[in-house]
Amino acid sequence: MGALDGRVAIITGAASGIGREYARLFSREGASVVAVDLHAPEALVAELVDAGGRALAVGGDVSSWDDAHRFVSATVDAFGDLHVVVNNAGGGPLALMSNMTEQQWDDQIRVNLKGNFCCTRAAVDYWLGRRDASHEVKASVINTTSGAGLFGNPESSAYGAAKAGAAAFTVIAALELRGSGIRVNAVAPAARTPTSGEGTDDVVARFMRAPDDPSEFDQWHPGNISPIVGYLATADCPITGEVFHARGGVVGHFEGWTIGGTLEIGRRWTIAEIAEQLPAVLAAAPSRDNAGGAAYASLRNALRTDRLGPDEAGPA
Ligand SMILES: NC(=O)c1ccc[n+]([C@@H]2O[C@H](COP(=O)([O-])OP(=O)(O)OC[C@H]3O[C@@H](n4cnc5c(N)ncnc54)[C@H](O)[C@@H]3O)[C@@H](O)[C@H]2O)c1
């Protein structure tokens, strides 16, 4: 008996990296998997079917409204229903903001932000259309965000803004869909894949290298992200509107932007008053240096130092 028996799931960006591992775990846990990527991931689907699973490969662009609706109709045609959408497709290339072209900006926002919206919207159309007294919707959307946006990495002004936007989209969509049976959550993964420079000599790729000793736990293996996403996809998971970080053996809960230290005066402030009093608020604020835990913070710090140099890198 698998945790996802009877569930039908669309997994985007399934041809590679983290998405391919999602597809493998979902299939092992009994889900019917619709593997979506720019080119239909036929090899992955053959692997899943050979192992006894039910799977379909579909090609298309997650940021296309028409393609997103086609993913849903192909899923329902093949498997008779849809329960889960994992909006995983996304990625670089990255560039410093001062070098970024308008086209690069638009491409990053389109794939990493609009892609979550198009595929969610197409599925929500289907689910809301199915709601009636005889049919209880137990649907789950899992979007993909990134520490690059939630914490801020260099070369990620567009990618990170899109990914932070995906987290905001998640919280708002979950709120709007409250009571509909459709849950929406997001995961910020960190793992060794082409997106994180796998196979190159880049600082992030070096950080995420597999251990030399194969008996050691491989904390940057992309398969480590799958269990939390699998749990969020289960029919009876109650969680909605939350954002999680996942890497290695770590599942962290993002507590998001919050208002910490506050100045309050009961009338309009003057610039001079703010200039005098704001430094104390910032000095009393908790350091962001260790946000996300020491291992993750040291990865971010290595990246910042590599890209910006030690003098300009600032806090992790
Ligand atoms: N690897 C990490 O450490 C990390 C960190 C934070 C976020 N992420 C995010 O996790 C997700 C998975 O990335 P990954 O690391 O496995 O990288 P990956 O490059 O191995 O996989 C991304 C997949 O998405 C597909 N894709 C890209 N644009 C698409 C589009 N418009 N339509 C359909 N498919 C498209 C690619 O073809 C590829 O197969 C991405 O959204 C990425 O931004 C990864």
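These legends accompany close-up views of a predicted model.

**View 1. The two domains and the side of domain 1 that touches domain 2.** The protein is split into domain 1, residues 8-253, and domain 2, residues 271-313. Their C-alpha centres are 29 Å apart. Contact between the domains involves 13 residues of domain 1 and twelve residues of domain 2. On the domain 1 side, at least two residues each come from helix H5 (147-152), helix H7 (203-207), strand E7 (243-247) and strand E8 (250-253). H7 contributes the most to this side, with three residues. By class, the residues on the side of domain 1 that touches domain 2 are seven nonpolar, four polar and two charged.

**View 2. Packing of helix H4 on helix H6.** Helix H4 spans residues 102-130 and helix H6 spans residues 157-176. The two pack at an angle of about 20 degrees, and their axes are 8 Å apart. H4 is therefore roughly parallel to H6, as angles under 35 degrees are classed in this way. The crossing of H4 past H6 is right-handed. From H4, the residues that meet H6 are Gln104, Trp105, Gln108, Ile109, Asn112, Leu113, Asn116, Phe117 and Thr120. Their counterparts in H6 are Ala158, Tyr159, Ala162, Lys163, Gly165, Ala166, Phe169 and Ala173. The contact of H4 with H6 comprises ten nonpolar residues, six polar residues and one charged residue.

**View 3. The shell of residues around the ligand.** There are 29 residues around the ligand, of which Gly13, Gly17, Gly90, Thr193 and Thr195 come nearest. Helix H1 (17-28), H4 and strand E6 (182-189) each provide at least two residues of the shell. H1 supplies the largest share, three residues. The shell around the ligand contains twelve nonpolar, 15 polar and two charged residues.

**View 4. Packing of helix H1 on helix H8.** H1, which also supplies residues to the shell around the ligand, packs with helix H8 (residues 226-233) at an angle of about 55 degrees. The axes of H1 and H8 are 9 Å apart. At this angle H1 is therefore oblique to H8. H1 passes H8 in a crossing that is right-handed. In H1 the contact is made by Glu21, Tyr22, Leu25 and Phe26, and in H8 by Ser226, Val229 and Gly230. Four nonpolar residues, two polar residues and one charged residue make up the contact of H1 with H8.

Note on methods. Residues numbered from 1 in each chain as written. Predicted model: local features only at pLDDT ≥ 70, side-chain atom pairs only at ≥ 80, totals over all residues. Domains from an automatic or database assignment. Contact = placed C-beta atoms within 7 Å. Helix = DSSP H or I, 4+ residues; strand = E, 2+ residues; numbered from the N terminus. Nonpolar A, V, L, I, M, F, W, Y, C, P; charged D, E, K, R; others polar. Axes fitted to C-alpha atoms, helices over the stretch in contact; angles between N-to-C directions. Parallel < 35°, antiparallel > 145°, perpendicular 65-115°, else oblique. Left-handed = near helix turned anticlockwise from the far one by under 90°. Near = placed C-beta within 6 Å.
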